[in-house]
Amino acid sequence: MNHILLPAAIAVLVVGAVGSCIGWVLSNYFESVPLIVGRWVLSTGLGLLALGVLLYAWPVFLGFFAQPA
């Protein structure tokens, strides 16, 4: 798949994955960090993961549904 959103999708997926991991570690293993901060980082990372999936899959859906009759 070669489309213009691919680099942006990969970057957002990587940032989302790293953010999710950091948020999970912060909320589970570091007692000095408030739980709300860890959960916020985790949820932001998961949101970025979802955005990355949408950016990656959008041209596929667009190509699938926009077929000429």
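Which residues does S27 touch, not counting residues up to four places away in sequence? S27 touches L35, G38 and R39, where contact means heavy atoms within 4.5 Å.

**Figure 1. Overview of the predicted chain.** This is a predicted model, in which local features need pLDDT of at least 70, side-chain atom pairs count only at pLDDT 80 or more, and totals for chains, interfaces and linings use all residues. Residues are numbered from 1 along each chain as its sequence is written, and side-chain values use heavy atoms, with hydrogens and water left out. You will find 2 helices and 0 strands here; both kinds of element are DSSP runs numbered from the N terminus (helices H or I, at least four residues; strands E, at least two). Of the 69 residues in the chain, 22% are buried, a word that stands for under 20% relative accessible area, with exposed over 50% and partly exposed in between (1.4 Å probe, protein chains only). Among contacts between residues at least 6 apart in sequence, 67% join residues at least 24 apart. The chain exposes about 5100 Å², and carbon and sulfur atoms supply 78% of that area (Shrake-Rupley method, 1.4 Å probe; for residues, only the protein chains shown count as cover).

**Figure 2. Helix 1 from end to end.** Helix 1 covers residues 6-29, which is 24 residues. From its first C-alpha to its last it reaches 34 Å, close to the 34 Å expected at 1.5 Å a residue; the expected span is 1.5 Å times one less than the number of residues.

Figure 3. V12 lies in helix 1 and counts as buried at 18% relative accessibility. Follow the chain for 35 residues and you come to G47, whose C-alpha is separated from that of V12 by 9.8 Å. Beyond four places in sequence, V12 touches L48, L51, G52 and L55.

Figure 4. S20 is buried, with 8% relative accessibility, and its side chain reaches the backbone oxygen of G45 at 3.4 Å. Apart from residues up to four places away in sequence, S20 touches L42, G45, L46 and L49. S27 is also in helix 1 and is buried, with a relative accessible area of 18%. The side chain of S27 reaches the backbone oxygen of W24 at 3.2 Å.

Figure 5. With 0% relative accessibility, G23 counts as buried. G23 and G45 are 22 residues apart in sequence, yet 7.5 Å apart in space, C-alpha to C-alpha. Leaving aside neighbours within four places in sequence, G23 is in contact with G38, V41 and L42.

**Figure 6. A nonpolar patch on the surface.** I10, V14, V18 and I22 form this patch, with about 330 Å² of accessible area together. Patches are made of residues with over 30% relative accessible area and no salt bridge, like charges being joined within 9 Å and nonpolar side chains (Val, Leu, Ile, Met, Phe, Trp, Tyr) within 5 Å; a salt bridge is a side-chain nitrogen of Lys or Arg within 4 Å of a carboxyl oxygen of Asp or Glu. I22, which lies in helix 1, is partly exposed, with a relative accessible area of 44%.

Terms used: Polar contact = N/O pair within 3.5 Å; in protein donor to acceptor, adjacent residues only side chain to side chain.
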